[in-house]
Amino acid sequence: MQTISDASLQQLVGQVATLLSEQQSRLVTAESCTGGWVAKCCTDLAGSSAWFERGFVTYSNEAKFEQLGVSQATLNKNGAVSLSVVEEMALGALSHSAADLSVAITGIAGPDGGSEDKPVGTVWIAWALKQAGVHSVCFQFEGDRESIRRQAVFEALTGIIKNARD
């Protein structure tokens, strides 16, 4: 497991800023287990208002339903940490904002809350583009709560760059 520094995250945000600015695109985030960390990293960069539209921190199922329009049936059937929920979060963030690209994160950062099917470190991340649909990946991170969340932020930013380029 690699240690991800603040400098590494700042470098990724710089790449996100350059890419989205060049494309005249705007980003929206929908975060659960990362608690707004991706949005914080983005808005730490001066001038981010040119490309960062808004962030949703939807930690509870109620917030996912109320703010992003995640289906209550989906939450009940699959649980908050699932492919269907993260994709509904990503698409909901787009539909509830003026952004062109979204990233959504839901997971189990620990130390408690895991199960045999969804152990601590299970994190789903989805990226959605207004005209190109949604792409999702399930990660299994290792480490303590801080490390799991930091890895999720790193992968979210890396995925923004990849998905914006495709």
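Helices (H or I, at least four residues) and strands (E, at least two) are taken here as DSSP runs and numbered from the N terminus. The model described below is predicted.

## Backbone exceptions

Most residues other than glycine have a negative phi, and most peptide bonds are trans. Glutamine 24 has a positive phi of about 55°, although this residue is not a glycine. The loop that holds glutamine 24 runs between helix 1 (6-23) and strand 1. Glutamine 24 counts as exposed because its relative accessibility is 72%, and the cut-off for that class is over 50%.

From glycine 110 to proline 111 the bond is cis, with omega near 5°. Proline 111 belongs to the loop between strand 3 and strand 4.

An open sheet is formed by 5 strands in the order 2-1-3-4-5, with mixed pairing. Strand 2 (52-57) and strand 5 (133-140) are at the edges; each has a single partner strand, so one side of each lacks a neighbour in the sheet. From one strand to the next, the twist averages 15°.

Strand 1 (residues 27-31) and strand 3 run parallel and are joined by 5 bridges. Within this pairing, glutamate 31 has isoleucine 105 in strand 3 as its bridge partner. On to strand 4, strand 3 pairs in the antiparallel sense over 7 bridges, and valine 103 has tryptophan 127 of strand 4 as its bridge partner. Strand 4 (residues 122-129) in turn pairs with strand 5, also in the antiparallel sense, over 8 bridges. Here tryptophan 127 stands opposite histidine 135 of strand 5.

## Burial of strand 3

How many residues of strand 3 are buried? The count is 7 of its 7 residues, and the strand is described as mostly covered. Leu101, Val103, Ile105 and Gly107 point one way from strand 3, while Ser102, Ala104 and Thr106 point the other way; all are buried.

## Aromatic pairs

A pair of aromatic rings is described by the distance of the centres and the angle of the planes. The model has 2 aromatic pairs by the rule applied. Tryptophan 51 and phenylalanine 52 make an edge-to-face pair, with 6.4 Å centre to centre and 85° between the planes. Both tryptophan 51 and phenylalanine 52 are buried.

Phenylalanine 139 and phenylalanine 141 form a stacked pair, with 5.1 Å centre to centre and 10° between the planes. Why does phenylalanine 139 count as buried? Its relative accessibility is 16%, and buried means under 20%. Phenylalanine 141 is buried too, with a relative accessible area of 7%.

## The largest pocket

The volume of the largest pocket is about 180 Å³. Its lining consists of 15 residues, of which Ser32, Cys33, Tyr59, Gly107 and Ile108 are the closest to the centre. Which elements give two or more residues to the lining of the largest pocket? They are helix 3 (61-68) and strand 3 (101-107).

By class, the lining has 6 nonpolar, 6 polar and 3 charged residues. Gly107, one of the residues closest to the pocket centre, is also among the buried residues of strand 3 and points the same way as Leu101, Val103 and Ile105.

Key
Residues are numbered from 1 along each chain as its sequence is written. This is a predicted model: local features need pLDDT of at least 70, side-chain atom pairs count only at pLDDT 80 or more; totals for chains, interfaces and linings use all residues. Side-chain values use heavy atoms; hydrogens and water are left out. On a 1 Å grid over the protein atoms alone, a cavity is a set of points where a 1.4 Å probe fits but cannot get out, and a pocket is an open set with protein on both sides within 12 Å along at least five of seven lines; lining residues have an atom within 4 Å of a point. Grid points are joined across faces, edges and corners, and a volume is the space filled by probe spheres set on the points. Ala, Val, Leu, Ile, Met, Phe, Trp, Tyr, Cys and Pro count as nonpolar, Asp, Glu, Lys and Arg as charged, and the others, Gly among them, as polar. Rings of Phe, Tyr and Trp (its six-membered ring) pair if their centres lie within 6.5 Å; planes under 30 degrees apart count as stacked, over 60 as edge-to-face and the rest as tilted. Buried means under 20% relative accessible area, exposed over 50%, partly exposed in between (1.4 Å probe, protein chains only). Two strands pair if DSSP finds at least two bridges between them. Axes are lines fitted to C-alpha atoms, for helices over the stretch in contact, and angles run from 0 to 180 degrees between N-to-C directions.
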